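Have the structure open and follow along.

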Protein chains: 2
Amino acid sequence: MLYGGIEAGGTKFVCAVGDESGNIVKRDQFPTTLPEETMQYVFEFFKDFELKSLGVGSFGPIDINPNSLTYGSITSTPKKGWKDYPFLKTLKASYDIPLAFNTDVNAAALAEATFGAAKGFDSCLYITVGTGIGAGAVVQGNVLQGMSHPEMGHIIVRRHEQDTYEGSCLYHKDCLEGLAAGPAIKERWGKAGVDLADNKDVWEMEGFYLAQALMQYILILSPNKIILGGGVMKQKQVFPYVFEYVKLLLNDYVPFPEVSTNIEEYIVSPGLGDNAGIMGSILMGKQAYQEQL
Amino acid sequence: MLYGGIEAGGTKFVCAVGDESGNIVKRDQFPTTLPEETMQYVFEFFKDFELKSLGVGSFGPIDINPNSLTYGSITSTPKKGWKDYPFLKTLKASYDIPLAFNTDVNAAALAEATFGAAKGFDSCLYITVGTGIGAGAVVQGNVLQGMSHPEMGHIIVRRHEQDTYEGSCLYHKDCLEGLAAGPAIKERWGKAGVDLADNKDVWEMEGFYLAQALMQYILILSPNKIILGGGVMKQKQVFPYVFEYVKLLLNDYVPFPEVSTNIEEYIVSPGLGDNAGIMGSILMGKQAYQEQL
């Protein structure tokens, strides 16, 4: 049986077809342009397959409330043509199969819990630190969803005492994303993170901010595993600072060996590399197929 | 059919027997003394009932990992005699019925989602602000549990610029609990909250701290309803400050009418008053009974 997945990003779309064991049979990617053009590529990609279902892990914010009139739409984005785009409705018009629609990071969390770094656990947190900061979670085996999907990138952190940068978030100025996403690093230090690899101050400050966020996530969600992905996290030199600050901040309050002695195995890089989002999209589709059986 | 519940608090124990519809048939409470003495009252209370199950909503931190050797124990507490107390094991030795064990606040969240202020929703957050600050949550119909239960009272908040009080938390000094729980109010202002009802500065500052916590909870969990209980929240004059600061902090980032126009119906007092914890304990027991059928 074959299941389709779309990882819909603001920069590129990844489409893939996977089998029951999670093996990817075909995969392609193309730039995100205007919706109609982009969706033509999507339809073209899947046209030769008989899919059991199709799952979408999308950039957001998106409407994932099945009772909402705009369910399955992208709600607000600066990306031209995509604001209010009825993504799920467009797919429904072409595919008479079970469809799933959630955030790219919720999809990635599900894939990591199923096949990746959190395999064997029924909860995990997947955070991506790149152009923005987003996070998804699996709780008791399901992707986390309440009134809507999480927006964990915008939580409040305390400012680093050496940090004079005002912050880049359009809504909150100096929330986590405003202080620690890629654009903030670039604006604060005058260069992209990848060109600052040797500057310890950069990564100590980055670790300080990320650790505060992780502390909040740990205290609120108590995930079995925390996975840090995205472009910024490819700078592995930030991890030791994250470990150090998480321990310092929690101060042994949470009495778990995962944090106190094995933190390097608790806060980790993605097990699926850059494939978490697309594999999770396929998995969400597969779940939708199984639910309607 | 009758189900038993124990709301085990650090100050008092509440025991009750409820029927299938949530009606309480018998209820009693007694002070929390040493474990053996307290448990004698528990056994005495339930002795005339044929219970289908027994649920415990306990003060914490507790071990709720069924795979742990110390599952069902209170892990750390300053309360004399209760540190490492094998609560669940003690009950198991006397009752050959399904047992449930979780935090008092997770129990309260479940009760509010079933019968109370969040009835009809499959997610909610229940926060108690009293001697400490604790919170429980229901996510997709189940009480929130990962590696352990949440410890949301200890999250990081930014300090109010007028606040010179250092904070009372033994682990983190000026985390949320250290700045906004009852003892912090008393130490900072020299009087208990109940005697400061007319002092606007007290409640503006309290609202500032609670709103930051609520913002974090909203962005991370996206609950359908937020319920604020506990002794401090009986000072209703704090609610308008909470509303105002939550809106100010979120700054329309979360595009929900629940927050932007109906916040008074989104952030509310408990629907079950002080009964949420005991009703939730009974409900958890009932769930355990149904799961083993």
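## Overall build

This is a predicted model. Chain A contains 10 helices and 10 strands. Its C-alpha atoms occupy a box of roughly 55 × 40 × 35 Å along the principal axes. The radius of gyration is 19 Å, which agrees with the value near 19 Å for a compact globule of 293 residues.

Among contacts with a separation of 6 or more, 62% link residues 24 or more positions apart. Of the 293 residues, 58% count as buried.

## Surface and charge

Now turn to strand S7 of chain A, residues 133-139. Is it buried or exposed? 7 of its 7 residues are buried, so the strand is largely enclosed by the rest of the structure.

In a regular strand, side chains alternate between the two faces of the sheet. In S7(A), one side carries A:Ile133, A:Ala135, A:Ala137 and A:Val139, the other A:Gly134, A:Gly136 and A:Val138, and all are buried.

## Its neighbours

Strand S6 (residues 124-129) pairs with S7(A) in the antiparallel sense over 6 bridges, with A:Val129 opposite A:Ile133. The two strands form a hairpin with 3 residues between them.

S7(A) also runs antiparallel to strand S8 (residues 142-143), joined by 2 bridges; here A:Val139 has A:Asn142 as its bridge partner. This hairpin has 2 residues between the strands, and A:Gln140 adopts a positive phi near 45°.

Key: Residues numbered from 1 in each chain as written. Chains lettered and ligands numbered in written order. Predicted model: local features only at pLDDT ≥ 70, side-chain atom pairs only at ≥ 80, totals over all residues. Heavy atoms only, no water. Helix = DSSP H or I, 4+ residues; strand = E, 2+ residues; numbered from the N terminus. Rg over C-alpha atoms; globule rule 2.2 N^0.38 Å. Buried < 20%, exposed > 50% of the residue type's maximum accessible area, 1.4 Å probe, protein only. Contact = heavy atoms within 4.5 Å. Pairing = 2+ DSSP bridges.
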